[in-house]
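User: I would like to learn how to read helix packing and chain contacts in a model. Could you take me through some cases?

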Amino acid sequence: MSQTATTDLGRELVPANAQSRKAFQDQAFQILSSRFEGILDPADRWGLTVILPAPKLREAVRFLRDDSEFQMDLLLDVTAIDYLEYPGHEEARYAVVYNLRSQRNAARRLRLKVRVEEESPSVPSIHDLFKIANWQERETWDQYGIVFAGHPDLRRLLNHIEFQGHPLRKDYPARKRQWLSTNDPLVDPMVARLKSNGFTVLEAPTANAPSVEETDLLGKVSREQRNNVEKQS
Amino acid sequence: MKVLTPQGEKIDLLTVNIGPSHPATHGALRAFVALDGETIAGTVTEIGYLHRGFEKMVEQGTWQQVLPYTDRLNYCSAILNNIGFCHTIERMFEVEIPERAKVLRVLLSELSRIIDHVVCVAAAAADLGALTNYFYLFNPREKVYGIWEKLSGARLTNTFTRIGGLYRDTYDGFESEVASVLVEVEKGLDDAFRLLQHNRIFIERTRGCCPISAEDAVSWGWTGPCLRATGVDRDLRKDEPYLDYETYDFQTVVGSTGDTFDRVMVRMYEIKESISICRQALARLRPGPINTTDPRLILPGHGKAYHDMEALINHFKVVFEGVCVPAGEFYGSIEAANGELGFFVVSDGSGKPWKIKVRPPCFTQFAAYADLVEGSMVADAIACLSSINIIAGELDR
């Protein structure tokens, strides 16, 4: 790590106040609207949220992160919103929200929003701009089924591998139950991981399938359980 | 698993599951590792074993009914989560809570931070085989739980705050009990310092163990004590003060190398600062109301509800419809024990949340875990895991 960056981050910040927040928001909106076709999101009445067209997202995030005026170097969160039947909502069904903050100036916080159509929910991935985006995008895919184009490893994060559907969508019933039986062997991600660490994998174990005994037992139990689960939901 | 190393040597890697159910994983975390001897060549982590669908379930009830769910995020400091959530909603309403409620919230925040850090430090030392600290630190922690029990009736899942104030006022003798607990924490902490700070075994086990640079930590989205251990002086209590934190005299604690030793030490010194804040808050505590009087948030009270028609209607609507949070999208955060605990809230103006997304501080720390431990030994991975203090409740939600 470079010496200048360390001293910069190690310095105490000037605490944020209403004026400094307002000044930052005006400046950020001005540049996001003129350079990245951003429009102001009226839903955020307390801070600054800018709606961007999906093709401009990566460029805008990179600019906000690297520009010396902004240095929004902390990606706090990536999530989505499902507006299905939201009162008065006429735009696309989904929106993906990126929550950014600067470690160099306490007044700098903003959110970026990308509207996503229901038919082919997809936005460009920013996993290479922030390391944490990898997991945050996996979680958003898991919960909302929004595809992050270019993501290297778009697997479920919180839910089980056998899980069907995307639970935070408004049309997923909260009380629905699913029977999930086997564990995730994680062999393929491990092979990919070793390759990225410089290893050449010559022989990987096949995913450890359950033994015949286990399969028999699983078959019996799961049929019974499946019936119960279906009755309950 | 047969592989060629980057140097071109043909070796056989042993694959082992660390967790999900293992005492060292402090919950249910799974790290699937490929080992070359004792050295970790590759790690893949899997989370979600404690996923209970927080974000789906909170959409089913009213805004007030979210509170008990927040207890179950970071269950080592439940009151901090309560405060984080209530603070966010109050900022959407743009209401101020009374002075006494603010001071009490600061006091309870810092006591919660103390017991949360105590769990991390004591468990980290115990995982390295230094069990004595555990008793020195957990005895005063138990006393704090005694206070929680008297305050809220619950030890772990307190649900002590309300949107617009607190569940109830303190009991007789609260101040003196807190003061004596602080003395005990201080003594336990001093004992632990003497056991750890210059202990050669502890230092050699933790110094240089799984370090992370400031730049990487920021790119991984780290906040809180783990980020401060890398030398980044950031603390929401200082940078974006809430609950009048700017009027309290305390220091942020900053490390230098971002290794396991720094992460543990930052937490230990932060306990000292928290003790000092608690004492300042105790000195400021004056009698007064603990709830805002805003009728949108607060029940009118039995006296009025039984005798006044409008108050009865108000009571009915707040309970059955829920508090009607202004429509819009808002992100509010506080400095929780592990870092920035944020709530991204979408409201359609009704009594039920449209969406609440938690930004758990642990999530970012555990996402970096695979990168942190590769190249070190299994025993170091265990030491590292306890120093980043992963609480599966908020990690998996």
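Analyst: Start with two helices: α3(B) and α4(B) cross in a left-handed way. A crossing is left-handed if the near helix is turned anticlockwise from the far one by less than a right angle, and right-handed if clockwise. The model is predicted, so local features need pLDDT of at least 70, side-chain atom pairs count only at pLDDT 80 or more, and totals for chains, interfaces and linings use all residues. Residues are numbered from 1 along each chain as its sequence is written, with chains lettered from A and ligands numbered from 1 in the order in which they are written.

User: At what angle do α3 and α4 of chain B pack?

Analyst: Helix α3 (residues 78-93) and helix α4 (residues 99-127) of chain B pack at about 140 degrees, their axes 8 Å apart.

User: Which residues of α3(B) meet α4(B)?

Analyst: Contact means C-beta atoms, placed from the backbone, within 7 Å. Ile79(B), Leu80(B) and Ile83(B) meet residues of α4(B), among them Arg105(B) and Leu108(B).

User: How many residues does each chain bring to the contact between chains A and B?

Analyst: Chain A brings 53 residues and chain B 55 residues. On the side of chain A, β3(A) gives the most, with six residues.

User: How do β8(A) and β1 of chain B run?

Analyst: Strands pair if DSSP finds at least two bridges between them. Here three bridges join β8(A) to β1 (residues 2-4) of chain B, and the two run antiparallel. Thr200(A) stands opposite Leu4(B).

Terms used: Two residues are in contact if their C-beta atoms, placed from the backbone, lie within 7 Å. Helices (H or I, at least four residues) and strands (E, at least two) are DSSP runs, numbered from the N terminus. Axes are lines fitted to C-alpha atoms, for helices over the stretch in contact, and angles run from 0 to 180 degrees between N-to-C directions.
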